[in-house]
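Hi everyone, thanks for coming.

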Amino acid sequence: MTTRSRKQIILAAYVGGVNEHTLWEHPDAGSQIDFSTFRHVAQTAERGRFDYFFLAEGLALRARAGRIFEHDIAGRPDTLPVLAALAAVTSHIGLVGTLNATFNEPYELARQIASLDHLSGGRAGWNVVTSFDAFTGANFRRGGFLPHSERYVRAEETVATIRRLWDSWAEDAIVADKASGEFLADADAGAFVQTSSQFDIAGRFTVPRSPQGRPVIVQAGVSPQGRDFAASTADAIFSPYATLAEGKAFYADIKERAARFGRGPEEIKILPAAGFVLGDSQTDAEEKARHIREQQLTDKTIQVTFEQVWNRDLSAYDPDGPLPDIDPDPEAAPIIQGRAFVFQDRFETVRKWRELADERGLTLRGLAHEVSGKAAYVGTAAQIADQLDAFVQEDGGDGVVIGSHIVPAGLDEFVDQVVPLLQERGSLRTDYESTTLRDNLGLPVPARDAELAGIEAVR
Amino acid sequence: MSSRLRIGVALDGAGWHPAAWREPSSRPAELFSPDYWVDLVRIAEEGLLDFATIEDSLALQSSERSGPDDRTDEVRGRLDALLIAARVSPATSHIGLIPTVTTTHTEPFHVSKAVATLDYTSEGRAGWQVKVSGRADEAAHFGRREHPGTEVSWGDPAFDVLVAELFDEAADAVEVVRRLWDSWEDDAEIRDVATDRFLDADKVHEIDFEGRWFSVRGPSITPRPPQGQPVVAALAHAEVPYRLAARAADVVFVTPTDAAHARAILDDVGAAATAVSREGSPLQVFADIVVFLDERDGESAADRLRRLDAVGRPLTSDARIFTGSASELADVIAEFGALGYDGVRLRPGVLTDDLPRIAGDLGAELRARGLFHDAYEADTLRGLLGLPENIPSRYAAV
Ligand SMILES: Cc1cc2nc3c(=O)[nH]c(=O)nc-3n(C[C@H](O)[C@H](O)[C@H](O)COP(=O)(O)O)c2cc1C
């Protein structure tokens, strides 16, 4: 540890909402949809010198047994217009949006993300997700369903195609010389051809090369295929592993996979999602955290959490009683829809949960408190700063993505109290190094693909 | 002053003349920077213009109708119009923002939540200019649908069939988008602690649209936007697009060349509305005019146009090309008003020269005649256009 300089903690912020972690019942809870909410969080994060503001995406409202789920916050805006509007009210923070590779076409996504990069002066990033189901697909022309393996093929080819489009304009394609009348240096600016198993497209791209050349690619997905996709392609990973032990294992695995793809460990940053609860003392913080958990885990939320794994109607089971004595039903139509399934194997998950419940004498409610995502950082500002710094310095990750259970003002106390302590230690910048996201993340600017020179000659 | 005329401006690149970018005032190196667009829309807002449209297309600009050209002496490249509008929205407060979004290749679900979100970021000022894409080169950017391509060209009867289909599909797309905007009733979010219900599921509706080109279940992921129904506009030149506008739009942009033509178009639009049994508020009709305004104590607009035409490709347009003084343009606009037009959409020949004159000289001239407002009288685009502001969701129980 002493031989290397302090790693800089990478911080991202997101607006919670559309989950059971965000408390809509709280007196301080605000809108999850008005623009002022997003502005508040992005500006607060920028004040705290965060690397980026982040938006998740869902393409169908969550439903249970065919009925829209009523108990959690629901409803979100479209990713890209929110980020473009945020570019107007911030100046340095990166703007990263989740956009699904299954339900979008590369030409459109490439021009939208490149447009955001221009409109933000080089602060755009794209979190590539592949989640799908027939339920979500029913909102789209191409319909439902791509099997798990094919979604990653499509995702990989989507990213490759989009990079080609981003590279289709040379840096100096636009001359704009009023005197000579030369606007373009080359009549073929933006020409591209892309043929792959998923796409057979060609033509001219509409957006000139953007400030970052290639906006930053983030990935979220943890299966072996997801990991290889990230290790070969992504600049950053949004992971679910916020404990030091899990974080270190994932970190080591990804950096090793990256090496197999010929990439250095610095070329890919890992950031788990992490919540926090701040208190005046450890006891105070733990008390607050317990209270928040009780509000988050209502009877309905608990029922749905377990129904997602059992894939059965569990409404007859008392949340204060034992676990259901029946097996999961993987064959039935999904009872919970519109929510990414993050548990790997239903039977294995249930087996482990039964073991845990037996060992500790837990009811369904008690188990829910154990297994559904908890705030990773609970304590005083100094304790949280210590833990977070240790997590990053010991390679549990390169930083964290922070949300709060109160929207939109919950991030304020983190920025006011924890950020200065991290800055004092030299683990967090006191000012931005650059106005582009890529620079601030310490990522190299990729060269334009040399292959593309070929197309211009052939056409 | 409900009988005033409405004035919009159409933004595209450096202006509507192919050589606009070469004028001394032009900022061709900044066409892809946010400041350029914010500056333009702010000028329009200072002039109290009702709305700005932003052009877009899924192909690079071209002097050819059917595909790309080889020119290097004109502006090529553009940013996504909806994102420009979103970027501009927090930097402005009253002007309506109407980006073009193509329907042919774009998912209606995506369009619906994107325009709804623009309505949130602008707090009720969003519109959408619907556009179809009939070009083979655009289809090739997506590579996923059969396109008659080069075998069918303008004037060919098979082309008319293609056009009719594209417009029918666009009508379906608008219908889906509108249903999705309505899919959350205004009071769907209840935040009822007693029953632990954030939403009332009975007030969030599947739209279950089944059409020839696509089916969409819904509901939207985005709650009903501030205007309920953002403003839908379309540019139209002939019967098929007039019918699309009459079926699907709130506003139609048309291109009369003179008073007689302007009268005939109003009749045609009226006939289209009858043919499709339009219900609700009448389709608002705006005349598009390409505008070059005289410079005070300087070069006349006509001289300027001649000079620009000599530089490269002369300007040709579907719309009337006006050159002259602000007061002459006010005469033309007043005449459209007298015929029954709701307003005009002006396409500045050179954005950095003609937009400030439209916002300044023309606005003052129209105001002096009592034809234009002297302050924004509404906070939403629907309000500015005089469209009903409280439209209930079609799914709300009566
Ligand atoms: C931390 C994290 C965040 C995610 N966020 C989203 C999201 O916002 N929208 C979405 O559609 N999917 C999201 N996903 C789902 C992933 O894109 C992916 O589809 C899913 O994890 C299954 O892929 P896998 O099998 O590789 O894990 C997220 C996944 C993780 C792990």
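Let's start with one pair of residues: A:Arg64 has A:Ile336, in β15(A), as its bridge partner. Before going on, a word on the ground rules: this is a predicted model, where local features need pLDDT of at least 70, side-chain atom pairs count only at pLDDT 80 or more, and totals for chains, interfaces and linings use all residues. Residues are numbered from 1 along each chain as its sequence is written, chains are lettered from A and ligands numbered from 1 in the order in which they are written, and side-chain values use heavy atoms, with hydrogens and water left out.

Back to our pair. Strand β3 of chain A, residues 63-64, runs antiparallel to β15(A), and 2 bridges connect them. Strands here are DSSP runs of E with at least two residues, helices are runs of H or I with at least four, and both are numbered from the N terminus. Two strands pair if DSSP finds at least two bridges between them. In general, strands of a sheet pair through backbone hydrogen bonds, parallel or antiparallel.

Now, what is the order of the strands in this open sheet of chain A? The order is β4-β3-β15, 3 strands with antiparallel pairing. At the edges sit β4 (67-68) and β15 (336-337) of chain A, each pairing on one side only.

On to salt bridges, meaning a side-chain nitrogen of Lys or Arg within 4 Å of a carboxyl oxygen of Asp or Glu. How many are there over all chains? The count comes to 72. One of them is between A:Arg67 and B:Asp202, with the closest N and O atoms 3.2 Å apart. Because A:Arg67 lies in strand β4 of chain A and B:Asp202 in the loop between β6 (197-199) and β7 (209-210) of chain B, this pair joins two chains. A:Arg67 is partly exposed, at 39% relative accessibility; buried means under 20% relative accessible area, exposed over 50%, and partly exposed in between, using a 1.4 Å probe and protein chains only.

Within chain A, A:Arg257 and A:Asp253 form a salt bridge too, at 2.9 Å between the closest N and O atoms. They are 4 residues apart in helix α7 (residues 244-260) of chain A, so about one helical turn separates them. Are they buried or exposed? A:Arg257 is buried at 13%, and A:Asp253 is buried at 18%.

Last stop, chain B: B:Asp39 forms a salt bridge with B:Arg27, at 3.0 Å between the closest N and O atoms.
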